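Subject: Structure handover

Hello,

Here is the structure I promised to pass on. Please open it next to this email, and follow my notes below.

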Amino acid sequence: MSGLTPEAVEELLGDPTDPDNPYGFAAAVARDEDDAAPDELCRKLVSAGFHLNYLPEGWGGEFRSFDRSLTLVRAAARRDVNVMPGTMFGIIAATCLQLHGSTAQRDRAAEILTGGGTVAFALTEAAHGSDILANEVRLAPDGTLHGEKWMVGNGMRCDAVYVVARTGERGPAAFTAFLLDLERIPGDGLERRPAARTNGMRGIDTARLRFTGLPVPEGAQVGRTGEGLEMAVRAQQAVRLMSMAGSLGCADTATRLTLDFATGHRVAGAPLISTAHARRELAVASAALLAADATALAAARGVHAVPGAFSVWALAAKHVVAEATEELTRRCAGVLATRSVLREGPPGTGMFQKLQRDIAVVRVIDSGPHANLRSYAGQLPSLLDGARTSPPGALRGAFRLDEEPSPYEPAGLGLVVRGADPLLGELGEAARSFGADPATAADLWTRSCVAWLVTAVEELPAGATAARRRDADPNALADLAERYAWLHAAAACLQLWHHNRHLSLYGTPPASTGWLGAALGYLLARADGTDPRRHGEEMHPALDAVSALREANRMLTALPVRLAPTRSHPMEDS
């Protein structure tokens with residue numbers, strides 16, 4: 001099965017800077033102004049099979065690996081991240097059904113999803129937010145559902161919905177999952193209402209589903225009684241991968257638009273990008289982008305190679321990618337200045353505002369930053385003190401980009417990591433390899449960053465011990481989780497370099513260390529809670545790499561993808 005490629009998506013959707021292109025930036029801004037969904041764009045993608053890239057072949061899909069899907073989604077999301085809910089919100093329910101659905105339930109979901117329909121996922125409730133153990137939607141003794149789910153993606157138009165409802169009184173085992181085929185259930189007992197509108201990702205379909213005695217038919221229960229919440233939490237790990245694709249798609253366009261302006265706008269006769277302040281801000285933004293890209297790529301391949309560690313890898317990567325891309329847009333806005341807030345002007349002018357709003361929504365779409373950290377903070381003590389359990393060569397599978405990752409096995413996803421994090425456990429080998437490579441001898445900055453990283457990781461267990469003390473700051477464990485996330489990302493960057501020294505990454509020559517030093521400098525500053533601008537000079541190689549990829553019209557990623565030809569740079573001075 002050949003499947004859709006990122007290059008094919010680009011060719012299909014055409015020049016995003018063309019003001020007459022219905023799949024371009026101007027069209028996205030117009031929809032944003034009208035709170036309209038990208039229905040035409042989604043239909044175009046569905047007609048090409050885009051929606052099949054997260055469904056297994058056994059369901060009639062074309063999924064092969066998450067790193068491939070990540071890049072596909074970025075190609076579409078860089079034009080309008082709203083294509084994700086329009087084409088891919090079925091991924092959570094589909095993953096849940098892969099984990100514990102019956103053959104009949106999987107077949108029905110496959111029929112709906114491959115046909116371009118939607119199976120929604122209903123978990124959260126307005127009164128409880130991330131406190132899902134307090135959820136109240138309940139299956140009554142007479143077999144009817146009561147209560148209201150909130151912010152249900154594609155809830156207004158879904159053909160079926162996977163609902164996690166209370167069937168017991170206390171604890172995680174009090175919840176059971178049900179697959180409701182709404183085409184085959186009488187409408188009485190279910191009211192669909194649009195949820196509150198969001199400031200970003202405007203026009204997407206989110207609904208309140210109010211159950212007022214909806215009969216649950218025989219055969220609708222998914223899996224065993226009491227396992228609904230566990231399966232939902234495990235399945236959401238895959239969703240975090242796709243939300244990272246949305247963040248990176250927005251970041252790619254934000255960076256590209258800002259570089260368009262900074263290279264075309266002149267200050268005192270010189271290009272803005274040559275001024276000290278703008279160059280430093282763009283260097284930090286570029287380092288943030290490379291760091292986020294490497295972290296997401298590691299997660300997308302890591303779910304194949306080390307699924308047992310993914311309950312932490314997914315959460316740490318989600319935090320880093322969301323926070324780094326949010327900072328990137330903020331720094332780009334500083335360079336754009338007035339252009340970042342204008343709603344009218346050359347095509348693309350309003351796009352930056354949309355990106356800022358959209359990326360803020362993607363940041364919280366599956367969990368807010370604090371809830372995300374809290375989800376794995378409790379695992380840190382055992383994670384840092386545990387024995388190494390990953391099979392030999394597991395990290396090669398996660399990081400060697402010229403090799404296909406091992407097959408994805410969703411059953412391998414767990415709620416907690418058992419043993420040490422292999423990414424940090426094998427850090428010493430990568431660090432020694434870096435230090436022994438004669439080609440790195442002249443790069444004193446990156447060498448110092450590698451040593452800085454090793455020391456910081458060695459100090460993590462002591463931090464976990466201190467955070468568990470009775471007199472510890474109540475925020476100590478969450479703060480440690482955040483530090484862990486940034487160090488996890490730095491280790492991912494070093495491993496990416498270590499396993500791919502023979503490849504050109506980010507358009508630079510094989511074994512280049514400039515991009516690595518920039519990314520490490522950014523991530524380690526964030527881990528220490530300092531402003532990355534303090535090391536702005538050392539991040540210029542990231543800006544050089546990103547600028548070269550932009551000039552070559554390539555996606556801003558480790559293995560660059562050829563983008564659709566463009567006729568203009570929309571943020572340049574008219």
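Lys318, His319, Ala322, Glu323, Arg363, Ser367, Gly368, Pro369 and Asn372 line the second largest cavity. A cavity is a set of points, on a 1 Å grid over the protein atoms alone, where a 1.4 Å probe fits but cannot get out; lining residues have an atom within 4 Å of a point. This is a predicted model, with residues numbered from 1 along each chain as its sequence is written. Local features need pLDDT of at least 70, side-chain atom pairs count only at pLDDT 80 or more, totals for chains, interfaces and linings use all residues, and side-chain values use heavy atoms, with hydrogens and water left out.

Which helix gives the most to this lining of the second largest cavity? H10 does, with 4 residues. Helices here are DSSP runs (H or I, at least four residues), numbered from the N terminus. H10 spans 310–336, and helix H12 (369–377) also supplies at least two lining residues.

The second largest cavity has a volume of about 40 Å³. A volume is the space filled by probe spheres set on the points, and grid points are joined across faces, edges and corners.

The whole structure has 2 cavities of 30 Å³ or more. The largest cavity also has a volume of about 40 Å³. Its lining includes Trp497, Arg501, Pro509, Pro510 and Trp515.

Best wishes

Notes
1 Å grid on protein atoms, 1.4 Å probe; cavity = no way out; pocket = protein on both sides within 12 Å on 5 of 7 lines; lining within 4 Å.
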